[in-house]
Amino acid sequence: MSKSKSSESVKVVVRCRPMNERELAANFQSVVGVDVKLGQIVVRNPREASASEHPKVFTFDSVYDWNSKQIDLYDETFRPLVDSVLLGFNGTIFAYGQTGTGKTYTMEGVRDDIERRGVIPNSFEHVFTHISRSQNQQYLVRASYLEIYQEEIKDLLSKDQTRRLELRERPDTGVYVKDLSSFVTKSVREIERVMNVGNQNRSVGATNMNEHSSRSHAIFVITVECSELDDDGENHIRVGKLNLVDLAGSERQTKTGAQGERLKEATKINLSLSALGNVISSLVDGRSSHIPYRDSKLTRLLQDSLGGNARTVMVANIGPASYNVEETLTTLRYSNRAKNIKNKPHINEDPKDALLREFQEEIARLKEQLQKRSGRKKKRRGRRRDGSDGEDQENGEMEDEEEEDEDEDDKADYWREQQEKLERERKAIMEDHSLVAEGKVLLLKEKEKKMEDLKKEREAGEMLSAKVKAMESKLLVGGKNIVDHTNEQQKMLELRRQEIAEQKRREREMQQQMENRDEETLELKETYSSLHQEVDIKTKKLKKLFAKLQAVKAEIHDIQEAHINERQELEQTQNELTRDLKLKHLIIENFIPLEEKNKIVNRAYFDEEDEYWKIKPITRIEDDHQMMSRPLSAVGCRRPLSHYARMAMITRPEMRYKGENIMMLDLDLPARTTKEYQEPVIAPKVAAALESALKDEDEIQVDASGFHSRLGSAPPAGGSLKKPKSSRPRTGKKSSTPTSPYSPSSPGSPLYPQSRGLVPK
Ligand code: ADP
Ligand code: MG
């Protein structure tokens, strides 16, 4: 089914942005040199003395400096890729790099500015121009837009922005996003609108758009389906998919000091990018049989683009300023590795999930229905013309081809005719005096129903043809004004530009090859005219090789350091996660009953599709003894009932307990921890003394007459110095409490119990 091709490498280009105003103002040094002709990036290390330090050199498929134009990048690097998508290949463009180095500028750019718009808008133009120039082909273009943030996939075009989508895999079509919305677009303007909607949704909810975009991956997907008749008159469909990926910033998300949720967040943000790095590493090292695509959503989704059947271009964006040198080097190393990934692109011919085929089939079906209808109509009309009654008689046969050219006017005429006829008949009935009233009503009703049916049928027909039209309008065909002169000229211009780009590429390749040859030729010059010359040349050679050795050593050192750093960070993350896990274990061990724990453990299972643990819903499983059985309802009652309530319902006439749902349970009393009270043993002498003392007490009486007496009068004999706490009159209730130990008759004495106050010295 698919035409296989030989393998080709992932194309890697580097683009260095200009110094921004802030960097210029702060007088930062530029440490990046760009050799466009040779395709080389040279990075000097600003820290070390420039004399001793050899600059680091990286070679790529092509490089672009700060003066590069968007359209140059497009023509040289992206246009060939988009062209192959139009042929039915899958293609992917990644923008990789530190935040603020121009990933979004490269992908989107300034949309309203033709000069500064990026790959995405340029590809829109490219795709639709290509279609308009095509001949004898039918196209269907659709777009999707999604975002991966913290390992969650969000559909940027869906109405419900809170929903998270999942990845699914099918053996025939590979990994896809379940329920991802895609919009069929008919023009540049429409697809631009789709992108704008997605961009708006992307920024909604993000408090800081810069930060959000630097932590999430945005993927814009354009699917182009093309159908064409081959020489044998057979219809073939090719489907090309273009992924335009604006990756998260490649700088390390700081994990230092982060704990709990924040740590997890930082870990997750890094996950997709580090998984991408791991996939690249294991693809290029050639020894590993296992490629860890499944480690992250991004790598799973773009599996085809890395070592798969797609064509891939990676744009590494870097900044020139000295303070970014570490990140710049990391980016260059990362993308340098990616150069060695081999893909095996092939054309997707007649895939099962082509939407275009569905469209074509649906249109054919609808057309057939329409034809059937008009066939029926013609038949009826024909019969009527023959003098038959024109009754609707289904006979399923279709009339001949000539009906196809029945035009709109004809149709409208037919409907009008029918309606008028019915109207006439209705009037005739109304005016016919020979009929009985009842008969008239019946006949009228019948006619009315017929009119209604007629209307319905007409509407259905109209709807059908509208649907066909709508569907057909989505299928794009070109070749309408092929002879257009300007069109022709533009085409030539583009062709020339393409040629120039091609030439440039070849030139660069040749230069690179020459550089390599140079070294070889040096070795070949074995014959020396004199000893002196030999020494000279060999010294030169030695110097060159020594410089190379030093560069490699420095590189090894740098890479080792980077590895150590990465390992330390991973260890830190691991420690934090282990600590977290231990805490959870402790909580489970100490606070969750074993029985409950087992229940959960039994319900847990690993979902292979989503790759995480899930809990089965609680259902009654016959042989699951872990599950508690619910008490059964008492016979005749709606709910389980206690024995007590049941008895009460039977014996007592009242309504209480009739709908009760209370279980009678014995109170579970706590175990006693105190002893019985034991009276102290009192010596007989003391007891007698006490008894006599108590016997003398008179009954205390309260006399309310002293209520208004002045406060603060002399205390009664033997009394202590007492003062009422406040001058506020007490409530009557309190005053009736006969507890005052003082004589009630003494003037000015309080009526209430008082604290004894201070004991006088
Ligand atoms: P990223 O998406 O990598 O975080 P941006 O694309 O947002 O970075 O770029 C940051 C800033 O630098 C933007 O203001 C952008 O206009 C500017 N910029 C980036 N690359 C270029 C370039 N090649 N030429 C001019 N300006 C650029
Ligand atoms: Mg960005």
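Biologist: Where does Gln 150 lie, in terms of the strands on either side of it?
Modeller: This is a predicted model, and in it Gln 150 lies in the loop that links strand S8 (137-149) to strand S9 (152-155).

Biologist: What is phi of Gln 150 near?
Modeller: Phi of Gln 150 is near 50°, which is a positive value in a residue other than glycine. Most residues other than glycine have a negative phi. Glu 151, which lies in the loop between S8 and S9 as well, also has a positive phi, of about 65°, although it is not a glycine.

Biologist: And Glu 151, is that one buried or exposed?
Modeller: Glu 151 is buried, with a relative accessible area of 13%. Gln 150 counts as partly exposed because its relative accessibility is 22%, and the limit for buried is under 20%.

Biologist: Switching to the ligand: which residues surround ligand 1?
Modeller: The shell around ligand 1 consists of Arg 15, Arg 17 and Pro 18, together with Gln 98, Thr 99, Gly 100, Thr 101, Gly 102, Lys 103, Thr 104 and Tyr 105.

Biologist: What do the oxygen atoms of ligand 1 sit beside at Lys 103, Thr 104 and Tyr 105?
Modeller: At Lys 103, a polar backbone atom is 2.9 Å from an oxygen atom of the ligand. For Tyr 105 the atom is a backbone N or O, and it lies 2.7 Å from an oxygen atom of ligand 1.

Biologist: How much of ligand 1's accessible area does the protein cover?
Modeller: On its own, ligand 1 has 560 Å² of accessible area, and the protein covers 66% of that.

Biologist: What about strand S2, is it enclosed or open?
Modeller: Strand S2 (residues 11-16) is largely enclosed by the rest of the structure, because five of its six residues are buried.

Biologist: Which strands is S2 joined to by bridges?
Modeller: Six bridges join S2 to strand S15 (residues 310-318), and the two run parallel; within that pairing, Lys 11 has Val 313 as its bridge partner. S2 also runs parallel to strand S6 (residues 62-64), with three bridges between them, and there Val 13 is partnered with Ser 62.

Biologist: Zooming out, how many helices and strands does the protein chain have?
Modeller: The protein chain has 18 helices and 19 strands. Of its 761 residues, 34% are buried, and its accessible surface comes to about 49800 Å², with 53% of that belonging to carbon and sulfur atoms.

Biologist: And what share of the contacts with a separation of 6 or more comes from residues 24 or more positions apart?
Modeller: Residues 24 or more positions apart account for 70% of those contacts in the protein chain.

Terms used: Residues numbered from 1 in each chain as written. Chains lettered and ligands numbered in written order. Predicted model: local features only at pLDDT ≥ 70, side-chain atom pairs only at ≥ 80, totals over all residues. Heavy atoms only, no water. Near = heavy atom within 4 Å. Polar contact = N/O pair within 3.5 Å; in protein donor to acceptor, adjacent residues only side chain to side chain. Areas by Shrake-Rupley, 256 points an atom, 1.4 Å probe, with all protein chains shown as cover. Helix = DSSP H or I, 4+ residues; strand = E, 2+ residues; numbered from the N terminus. Buried < 20%, exposed > 50% of the residue type's maximum accessible area, 1.4 Å probe, protein only. Contact = heavy atoms within 4.5 Å. Pairing = 2+ DSSP bridges.
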